[in-house]
Amino acid sequence: MANQKMERNLQARHISMIAIGGCIGTGLFMASGAVVSKVGSYGAVLTYALIGVIIYFLMASIGELATFYPVSGSFGSYATRFIDPGLGFAIGWLYWILWILVASVDIITLSKILHYWEFFRQFSSFSICVTFLILLYLLNLISVKVFGEIEYWITIIKVITVIVFLIVGIAIIFGVSSNPEAGLPTFVKNGDKTLSAGIGLFGVLSTAAFSFGGTEIVAVTAGESPNPKETMPKAVKQVFWRILIFYIATMFIISSIVSADDARLLDTNNVTASPFTIVFQNIGLGFAAMIMNVVILTSVLSAANSGMYVSSRQLFSLSSHKYGPKMFKELNSNSVPTIALSFSSVFMVVCFIFERYNPSGYYMLLSMVGIIVMIIWMTSLVSQIRLRKAIIKQGKTAEEVLPYTAKTGVVGSYIALFSFAIITILQLVSDYITGGFLQMSYNLVCPLICLIMYITFKLVTKKKFVKLEEMNIDPYKEK
């Protein structure tokens, strides 16, 4: 356990698939139908196209940071080096909390999905959660190569599912099925709902944005990539084109086949209500629910696996920056932070217990995730903007300093930053309108913890805000 340096064992194909797989999950398989139902065909396609472009701005910014400063547990590290050590400390722990919540919610979701089959109903949700947590723990304990391989093959399953769906959808639109209404007439008819959606158009922006949550994991993998200068830019480009095509094409097909007034689209708690399932059912494939259950199961398992990986690497990073106990940066012979992984797993069990004894615990955990994601994204954008400003302040050019420069520069970063801020505000307002202050407060718990940690750090350490002229813009050298 003496080794304290991570090996770079993730291959280019792993990183590319991790970047793509981070975006294809329950957000696409389940929530996409609710978007069509709420804002119609035009609104759905426009929303995902708009958010897709904003996510590209984000990924270009993160790609620039990840190639310049390729470290594990990156987001807290970015904030520490380019903004403020206090913010780096707070964001680092907030990002750990985020992935504890994500992994816990996904494992709990997995237990609910398994109850679709009668065999698993004899087991409690808690026992299923603990069993799969142990399984994922053991898989992550072996090697980062195992994590990379699991994500690689699960992502292939998800991509194949989407491709098959697109092919079937196109076939239906062109009259292969016996559904005479499928096609452009249905798409145009569903567009009427867009015209009457009003402020609802703004409400679905957060749903669309959260569907892309997990894209940023590619930055965390930079710390275990043998050549981040090549793999990161490639991953950014692949994420933009493949995911944008997947999402927009999917929204178009759903809107062209399923009526926006179909009540099933709003039932996001039921796998048979997945728009993918509805499309297959509409052409007489009754076993579609079972197929989609298996696919969604693998997606959730993939997300939970990512949560285990990222949370342990985040603790390793915090420890490396002396923001956490030294024991978290101890690695085993497979270059895995074992103690950090175990510590994260314990807190996931705490989440399972909280959900078991709290009737609304699942939704409370889920509601906390969205706002944290936005805060992390906005912090990374500010980090990149300040890095660019420091380069200019110190009399250099971006091309001289950065191995990879985002094609969108800081303009794209400012657009993304403003957009995420608006989406966050709209989400809080929406929660307040629908559930009052109590529901809105769920989203504010973790940001409040982050603020307390920031203030405490500043008071104890007296460390100051990083000035542009003093910022370290030298190339990263691995210790």
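Biologist: Is S383 buried or exposed?

Modeller: S383 counts as buried because its relative accessibility is 0%; buried means under 20% relative accessible area, exposed over 50%, and partly exposed in between, with a 1.4 Å probe and protein chains only. Please note that this is a predicted model, in which local features need pLDDT of at least 70 and side-chain atom pairs count only at pLDDT 80 or more, while totals for chains, interfaces and linings use all residues. Residues are numbered from 1 along each chain as its sequence is written, and side-chain values use heavy atoms, with hydrogens and water left out.

Biologist: With which residues is S383 in contact, leaving aside neighbours within four places in sequence?

Modeller: They are L65, Y78, A79, F82 and I83, where contact means heavy atoms within 4.5 Å.

Biologist: Now the rings. How many aromatic pairs does the structure hold?

Modeller: It holds 22 aromatic pairs. Rings of Phe, Tyr and Trp (its six-membered ring) pair if their centres lie within 6.5 Å; planes under 30 degrees apart count as stacked, over 60 as edge-to-face and the rest as tilted.

Biologist: Why is the pair of F89 and F457 stacked?

Modeller: The planes of F89 and F457 are at 25 degrees, with the ring centres 5.0 Å apart, so the pair is stacked. F89 is buried at a relative accessible area of 16%, and F457 is buried at 9%.

Biologist: Which residues do ring pairs link into a cluster?

Modeller: The cluster consists of F68, Y69, F75, Y78, F82, Y95 and W99.
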